[in-house]
Amino acid sequence: MVDRLDVDNKLLDDVLKMLDRDCIIVDKVFASCQQRECFPNIEVNIEEKNFGRIRFKPGFIVPNTLKVTDIPNQPNFRRVRFTSRIPYQILDENCDKLKEDFLPDIFKDIILYIPESRDEFEFRIVIETQSVILAPPVVTGKTISFTVGVFLITKVVGTVQLLIPAYGYCPEPPFCDEFSPEDICEAFDTADFPEFFPPQLKCIP
């Protein structure tokens, strides 16, 4: 009996042999982990202006707070400590900025896989964040209150050279669509002609 997995692997090998292979330099993620933080009551003074929405910007590691240290009896794993900070803006109904600030600092003390490497090879610790408003913001006089949940991913990244299958260069992109204001009269000229008369009562047999 033919093993389905062996067949699939053979087909994959045949496809890969038909493709070119290229060496590329990329940032490889060696390890990552996720965490969550919740801030139940952020209060900001907006001076009685019309509130529109809250916009978050990418979080970052505060300079000079990152510390990576060895862990006894755990080779290739390191203790990683840092402070992360997430900017946000409060916008009015016209998306003009009313206020700009940071969420409370997030302190992290975690263990990550960071293998031994040559001295010239550099690992970097990077973070990605997604901040979500968990309930409708409440405006009371000059103060807005809101609750924020933060998803945070910490990554160990290193620049490496990888061999990958390639389809060649990307095809030429399509032509750009030129913007031109809509001609109201032109749209009217091509619109369906409306019914001019009211409907008649159908005869009942």
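Student: With which side chain does the side chain of lysine 155 make a polar contact?

Tutor: Good place to start. A polar contact is a pair of N or O atoms within 3.5 Å; within protein, one atom must be able to donate a hydrogen and the other to accept it, and residues adjacent in sequence count only if both atoms are side-chain atoms. Here, the partner of lysine 155 is the side chain of glutamate 128, at 2.3 Å. Keep in mind that this is a predicted model, where local features need pLDDT of at least 70, side-chain atom pairs count only at pLDDT 80 or more, and totals for chains, interfaces and linings use all residues. Residues are numbered from 1 along each chain as its sequence is written, and side-chain values use heavy atoms, with hydrogens and water left out.

Student: Where does lysine 155 lie, and is lysine 155 buried or exposed?

Tutor: Strands (E, at least two residues) are DSSP runs, numbered from the N terminus. Lysine 155 belongs to strand β11, residues 143-166. For burial, the scale is relative accessible area: buried means under 20%, exposed over 50%, and partly exposed in between, with a 1.4 Å probe and protein chains only. Lysine 155 counts as buried because its relative accessibility is 19%.

Student: Which residues does lysine 155 touch?

Tutor: Contact means heavy atoms within 4.5 Å. Not counting residues up to four places away in sequence, lysine 155 touches Val29, Ala31, Ser32, Arg124, Ile125, Val126 and Glu128.

Student: How many salt bridges does a search of the whole structure find?

Tutor: The general idea is that side chains of opposite charge can pair when their charged atoms come close. The cut-off is a side-chain nitrogen of Lys or Arg within 4 Å of a carboxyl oxygen of Asp or Glu. The search finds nine. One of them joins glutamate 37 to lysine 108, with the closest N and O atoms 2.8 Å apart. Glutamate 37 is in strand β1 (residues 20-45) and lysine 108 in strand β8 (residues 106-113), so the pair ties together parts that are 71 residues apart in sequence. Glutamate 37 is partly exposed at 27% relative accessibility, whereas lysine 108 is buried at 7%.

Student: Which residue forms a salt bridge with aspartate 109?

Tutor: That is arginine 79, the closest N and O atoms being 2.7 Å apart. Since aspartate 109 lies in strand β8 and arginine 79 in strand β5, this pair ties together parts 30 residues apart in sequence. Aspartate 109 is partly exposed at 45%, and arginine 79 is partly exposed at 33%.

Student: Which residues are linked in a network of salt bridges?

Tutor: Lys57, Lys97 and Glu100 are linked that way.

Student: Which residues make the nonpolar surface patch?

Tutor: Patches are made of residues with over 30% relative accessible area and no salt bridge; like charges are joined within 9 Å, nonpolar side chains (Val, Leu, Ile, Met, Phe, Trp, Tyr) within 5 Å. Here Phe77, Ile111 and Tyr113 make a nonpolar patch of about 270 Å². Phenylalanine 77 lies in strand β5 (residues 77-85) and is partly exposed, with a relative accessible area of 34%.

Technical notes. Areas by Shrake-Rupley, 256 points an atom, 1.4 Å probe, with all protein chains shown as cover. Helix = DSSP H or I, 4+ residues; strand = E, 2+ residues; numbered from the N terminus.
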